[in-house]
Amino acid sequence: MSVLKTPLTRLLGCQYPIIQTAMGWVADAGLVASTCNAGGFGFLAGAVMTPAEVEACILDIKKKTDRPFGVNFHMYTPGAEKIVEICIRHGVRAVSYSRSPSRDKIDKLKDMGVICIPTVGALKHAVKAVEMGADAVVVQGGEGGGHTGGIASSILLPQVVDTLDVPVVAAGGFKDGRGLVAALSFGAAGVAMGTRFLMSRESPVPDQTKARYVGALTEQIIVSNKLDGMPQRMINNRCLQQLQSTSIPATLWLALKNGWAFSKITGGSLWGMLSAGWQMKKASGMSLGQTLMAANAPMLIQQAMVRGYPDQGILPSGQVAGTIDDLPTCKDIIGGIVTQAEDTLARLR
Ligand SMILES: Cc1cc2nc3c(=O)[nH]c(=O)nc-3n(C[C@H](O)[C@H](O)[C@H](O)COP(=O)(O)O)c2cc1C
């Protein structure tokens with residue numbers, strides 16, 4: 001049997017052990033369906049959506065593919081209960097989540113046959129995730145995009161594989177078939193990629209922003225906690241440089257302004273923004289400063305990723321963007337990975 005049939009392909013019902021991870025404002029219905037139709041497994045970025053938007057996207061994905069797919073969301077947000085119900089009602093195959101998982105919600109999902117695959121960035125979080133019911137874990141090394149830990153995939157992955165009894169999926173720095181073979185050789189059941197799929201033809205990111213990713217050098221993709229108080233890997237553009245040189249009080253003031261502007265766009269009120277922030281602080285264990293700073297992220301990320309102003313907004317990115325200079329279709333990305341993995345395996349034999 002092919003080594004590309006793994007516990008992950010059996011668990012998720014996909015053709016190849018390749019996951020397209022959730023990325024806020026990037027992993028939309030079109031990207032998820034294209035990934036699934038190409039034989040991978042896509043996660044919808046539900047963490048930046050209302051429950052109604054998640055449901056609309058699920059219906060859209062189902063129009064575009066008959067293959068299984070997943071939904072990503074934060075279990076600590078006010079809409080989380082509704083998203084759990086929506087995922088169950090529509091027979092979503094898997095959910096992914098990271099910070100502050102909730103045992104009740106995991107139990108409910110698992111009872112209804114939804115597979116739970118959290119993303120973790122440290123061994124102790126991987127162990128905790130399995131204790132809380134995870135069916136598999138995605139382990140993200142520090143190379144990865146968005147919120148990220150400080151340990152490289154080559155160290156973290158074997159450490160987690162040696163400790164857990166559930167399938168482990170490697171994330172952070174993967175883009176090709178050599179990487180897939182390397183991950184399998186470490187004992188992983190597959191790879192999960194964000195940046196590679198962001199840099200695809202089907203990704204909804206505006207062309208001028210995609211061009212910024214294509215032009216980025218590896219050393220320009222840095223980790224900073226200046227956006228929302230937590231370490232996050234991003235392209236070091238003008239907007240990030242401004243944030244880096246801004247004083248803490250000025251950053252908090254900017255966060256309040258951005259949070260307020262975002263609430264107005266989403267039809268919310270000042271009171272709604274403050275109470276959502278308070279709920280988030282209580283459930284996620286973040287400090288007051290981090291919670292306030294988190295209000296920065298939606299406006300600044302959308303400015304680049306949705307509105308297409310790559311220097312006025314934030315560009316979350318894995319280091320791997322520095323080694324990618326094309327924007328192929330999801331079919332070509334996955335087909336290319338499979339062909340290169342098979343060639344690599346044949347060469348090693
Ligand atoms: C633009 C962008 C947005 C992201 N948004 C999310 C998100 O909303 N939820 C999440 O769990 N992870 C998010 N991540 C992390 C990715 O899902 C994934 O774990 C990471 O990109 C893997 O590393 P790679 O970029 O090297 O493939 C994001 C990453 C990027 C690049």
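A residue is called buried if 20 or more other C-beta atoms lie within 10 Å of its own, exposed if 12 or fewer do, and partly exposed in between, with the C-beta atoms placed from the backbone. The model shown in these views is predicted, and for this reason local features need pLDDT of at least 70 and side-chain atom pairs count only at pLDDT 80 or more, while totals for chains, interfaces and linings use all residues. Residues are numbered from 1 along each chain as its sequence is written.

View 1. Glycine 173 is buried, because 25 other C-beta atoms lie within 10 Å. This glycine sits in the loop between strand 9 (168-171) and helix 8 (177-185), where helices (H or I, at least four residues) and strands (E, at least two) are DSSP runs numbered from the N terminus. Leaving aside neighbours within four places in sequence, glycine 173 is in contact (C-beta atoms, placed from the backbone, within 7 Å) with residues including Glu143, Gly144, Ser153 and Gly318. Glycine 318 is 145 residues away from glycine 173 along the chain, yet their C-alpha atoms are separated by 6.5 Å.

**View 2. The shell around the ligand.** The ligand is surrounded by 28 residues (C-beta atom, placed from the backbone, within 6 Å of the ligand), and the closest are Gly144, Gly145, Gly146, Gly194 and Gly318. Helix 9 (residues 195-198) contributes the largest share of this shell, 3 residues. By class, the shell has 11 nonpolar, 15 polar and 2 charged residues, where Ala, Val, Leu, Ile, Met, Phe, Trp, Tyr, Cys and Pro count as nonpolar, Asp, Glu, Lys and Arg as charged, and the others, Gly among them, as polar.

**View 3. Helix 2 and its packing partners.** Helix 2 (residues 29-37) is mostly covered, with 7 of its 9 residues buried, and these buried residues pack against strand 1 (18-20), strand 2 (41-45), helix 3 (51-64), helix 9 and helix 16 (330-348). After helix 2 comes glycine 39, which has a positive phi, near 100°.

View 4. Strand 11 pairs with strand 12 (residues 232-235) over 4 bridges, and valine 223 has arginine 233 of strand 12 as its bridge partner.

How values were computed. Two residues are in contact if their C-beta atoms, placed from the backbone, lie within 7 Å. Two strands pair if DSSP finds at least two bridges between them.
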